[in-house]
Amino acid sequence: MSGRRVAVLGATGLVGREMLYTLEQRKFPVSELIPLASPRSAGKKVVFNGEEITVQAVGEDSFKGVDIALFSAGGKTSKQWAPVAAASGAVVIDNSSAWRMDPEVPLIVPEINAADVSMAKNKGIIANPNCSTIQAVVVLYPLHQAAGLKYINISTYQSVAGTGKAAIESLRDGAKAAIKGEEYKDDIYPHSIAFNLLPHIGAFDDEGISEEEWKMVNESRKIMHIPDLRVSGITVRVPIFRCHGESVTAQFERPISPAEAREILSRAPGVVVRDDPKNAEYPLPVDTAGKDDVCVGRIRRDTGLDNALAMWVVGDNLRKGAALNAVQIAEKLA
């Protein structure tokens, strides 16, 4: 595999830095790394393969000669610069929501629909799914292949890392203030996140359904190629630094036992089964942080629906939920 010229837009952010680490860890064949960011962050340094590299301000000429461009700089930035990068000959792998539901842009989780990468020829852009969607479908798709998925209900417990570095600092500072009995003004969320739960991720529509909840609905259908899949749930921000948890109920066309599900998932790529609740063995964010695999446990018969299972799923939203999935897509291209 010959080396690739790789640009990372948003290189100084949480996900951007995780992308650099993941490229290095997985020994992706990078002949030259071009770290890019907004003019405000230009001049900062990032370290890649032991070398300190200066971050450049993104511009019209930033993508000339670039083979693969990893984007993690927000939807507005992606809308502006992804077409520029693609016109320069790069394939863009974008971590924002800007292109996910574009019918000409593939939405890829390599364990599920790697063949859809061929659609990149349409616009030169591949979309990286929402972090919560990724970890859910990695677990659900092998079960769908076995029993035919009809309906899923997902309640998420999402860490503040999904909002960025400032949110991590806000949780840390807010927790310190709360312990001391001091007032703290949270500038990141509509309410303080410290010792709190916020059922509010993204804007709400007229029905009261949040943007994050619609992502779970629409992206699950597109990735798994189940356009009529029924999806419901609620997304919640919780006061932990890293990793998302999900309570998942899945209903199938035919009966599937917890034992069969465990056996299927024990062989599924990118999945680890940790399921011995009587001995307090189940997925935990503190154990999953920094890990590539999505962890699933508490697999049991659902007590309210026929042919249904309930389970608990935990994944690192910065790894498989963002950087790792993007680099895996890049590996498919390479």
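This is a predicted model: local features need pLDDT of at least 70, side-chain atom pairs count only at pLDDT 80 or more; totals for chains, interfaces and linings use all residues.
## Crossing of H4 and H9

Helix H4, spanning residues 131-147, and helix H9, spanning residues 319-333, have axes that come within 8 Å and cross at roughly 85°, which makes H4 roughly perpendicular to H9. On the H4 side the contact is made by Cys-131, Ile-134 and Val-138, and on the H9 side by Lys-320, Gly-321 and Asn-325. Sorted by class, the residues in this contact are three nonpolar, two polar and one charged.

## Salt bridges across the sequence

The whole structure contains 20 salt bridges. One of them pairs Glu-18 with Arg-242, with the closest N and O atoms 3.2 Å apart; because Glu-18 lies in helix H1 (residues 14-25) and Arg-242 in the loop between strands S10 (230-237) and S11 (244-252), the pair ties together parts that are 224 residues apart in sequence. Glu-18 counts as buried at 11% relative accessibility, whereas Arg-242, at 25%, counts as partly exposed.

Asp-292 forms a salt bridge with Arg-26, the closest N and O atoms being 4.0 Å apart. Asp-292 lies in the loop between helix H8 (285-288) and strand S13 (294-301), and Arg-26 in the loop between H1 and strand S2 (30-37), so this pair ties together parts that are 266 residues apart in sequence. Asp-292 is partly exposed at 26% relative accessibility, and Arg-26 is partly exposed at 31%.

Notes: Residues are numbered from 1 along each chain as its sequence is written. Side-chain values use heavy atoms; hydrogens and water are left out. Axes are lines fitted to C-alpha atoms, for helices over the stretch in contact, and angles run from 0 to 180 degrees between N-to-C directions. Helices (H or I, at least four residues) and strands (E, at least two) are DSSP runs, numbered from the N terminus. Angles under 35 degrees count as roughly parallel, over 145 as roughly antiparallel, 65 to 115 as roughly perpendicular and the rest as oblique. Contact means heavy atoms within 4.5 Å. Ala, Val, Leu, Ile, Met, Phe, Trp, Tyr, Cys and Pro count as nonpolar, Asp, Glu, Lys and Arg as charged, and the others, Gly among them, as polar. A salt bridge is a side-chain nitrogen of Lys or Arg within 4 Å of a carboxyl oxygen of Asp or Glu. Buried means under 20% relative accessible area, exposed over 50%, partly exposed in between (1.4 Å probe, protein chains only).
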